[in-house]
Amino acid sequence: MEIKKAKFVQSLSAFREFPGQGLPEIAMVGKSNVGKSSLINNLTRNSKLARTSSEPGKTRLVNLFLINEAFFLVDLPGYGFARASKQEKDKWAEMIEGYLKGSENLKRVFQLVDIRHAPTSDDQLMVEYLRHYEIPFTVVATKADKLSKAQRGRNLPVICRTLAVQPWEVLVHSSKDGTGRELLLEHIEKELTQNDTDSLI
Ligand SMILES: Nc1nc2c(ncn2[C@@H]2O[C@H](COP(=O)(O)OP(=O)(O)OP(=O)(O)O)[C@@H](O)[C@H]2O)c(=O)[nH]1
Ligand SMILES: [Mg+2]
């Protein structure tokens, strides 16, 4: 799949603000600073589309990007930002959960984890949450450029074990050097065409 058109559409602080438009949505989930916004920029090849920062806690609202006039990529605030106040953390958790539970058009979540580290307890909770609500998800191990092939090979089994996913279910990605970009796009395309077929039946 090629992304020909990508535009920012709306920021939400509460799910009910967005009634949906009948178009499929694919959302980025992960701890603060893991690279959710950067992944959207890498997919769309537009480094200025979603705002990124080396400081955690940059994305503070649910941001919707319309892609090819056909589906939405949804950038969510991160969790696990230690320096945020309790009030801020509660607000972000409410936004993330409100969106994940409430969106009728959410087709898949990309659960991002940092390939350098074992998933955190927050990552584990998030994956449990997705399983509990039967939200389809794909684990994306990002920042792959920061590790050698050998180091990736050592870390991936830890990620799989901690999140109880199979190695072939994890996509390795880097927003810096574009690793895994094509695979992610194929994955999205499959998701979208699969849903087309579903709706024809
Ligand atoms: N080397 C490298 N750096 C990355 C990669 N992805 C993101 N970064 C960097 O990591 C930092 C955080 O990236 P963001 O995309 O803002 O992270 P986020 O998950 O959206 O963070 P929040 O909005 O705070 O939840 C930035 O400095 C990015 O340049 C990657 O694949 N490789
Ligand atoms: Mg962000």
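How many nonpolar, polar and charged residues make up the shell around ligand 1? In this predicted model, the residues of that shell divide into 2 nonpolar, 14 polar and 7 charged. The shell comprises 23 residues, and those that lie closest to ligand 1 are Lys36, Ser38, Gly57, Thr59 and Asp145. Among the elements of secondary structure, helix H1, which spans residues 36–44, gives the most to this shell, with 3 residues.

An oxygen atom of ligand 1 lies 2.9 Å from a backbone N or O atom of Gly35, and a backbone N or O atom of Ser53 is found 3.1 Å from an oxygen atom of the ligand. The protein covers 88% of the accessible area of ligand 1, which amounts to 660 Å² when the ligand is considered on its own.

Empty space in the protein was examined next. Rolling a probe the size of a water molecule over the atoms shows where such space is left. The space taken by ligand 1 is the largest pocket, and the volume of this largest pocket is about 400 Å³. It is lined by 25 residues, of which Asn33, Val34, Gly35, Ser38 and Lys143 are the closest to its centre. By class, the lining of the largest pocket holds 4 nonpolar, 13 polar and 8 charged residues, and its largest share, 3 residues, comes from H1.

The second largest pocket has a volume of about 320 Å³. Its lining consists of 15 residues, and those nearest its centre are Tyr79, Ala93, Ile96, Asp122 and Met126. Helix H2 (86–102) and helix H3 (121–132) each supply at least two residues of this lining, with H2 giving the most, 6 residues. Sorted by class, the lining of the second largest pocket divides into 10 nonpolar, 2 polar and 3 charged residues, whereas the lining of the largest pocket has 4 nonpolar, 13 polar and 8 charged residues.

Conventions:
Residues are numbered from 1 along each chain as its sequence is written. Chains are lettered from A and ligands numbered from 1 in the order in which they are written. This is a predicted model: local features need pLDDT of at least 70, side-chain atom pairs count only at pLDDT 80 or more; totals for chains, interfaces and linings use all residues. Side-chain values use heavy atoms; hydrogens and water are left out. A residue is near a molecule or strand if one of its heavy atoms lies within 4 Å of it. A polar contact is a pair of N or O atoms within 3.5 Å; within protein, one must be able to donate a hydrogen and the other to accept it, and residues adjacent in sequence count only if both atoms are side-chain atoms. Accessible areas come from the Shrake-Rupley method with a 1.4 Å probe; for residues, only the protein chains shown count as cover. On a 1 Å grid over the protein atoms alone, a cavity is a set of points where a 1.4 Å probe fits but cannot get out, and a pocket is an open set with protein on both sides within 12 Å along at least five of seven lines; lining residues have an atom within 4 Å of a point. A molecule sits in a cavity or pocket if more than half of its atoms lie within 2 Å of its grid points. Helices (H or I, at least four residues) and strands (E, at least two) are DSSP runs, numbered from the N terminus. Ala, Val, Leu, Ile, Met, Phe, Trp, Tyr, Cys and Pro count as nonpolar, Asp, Glu, Lys and Arg as charged, and the others, Gly among them, as polar. Grid points are joined across faces, edges and corners, and a volume is the space filled by probe spheres set on the points.
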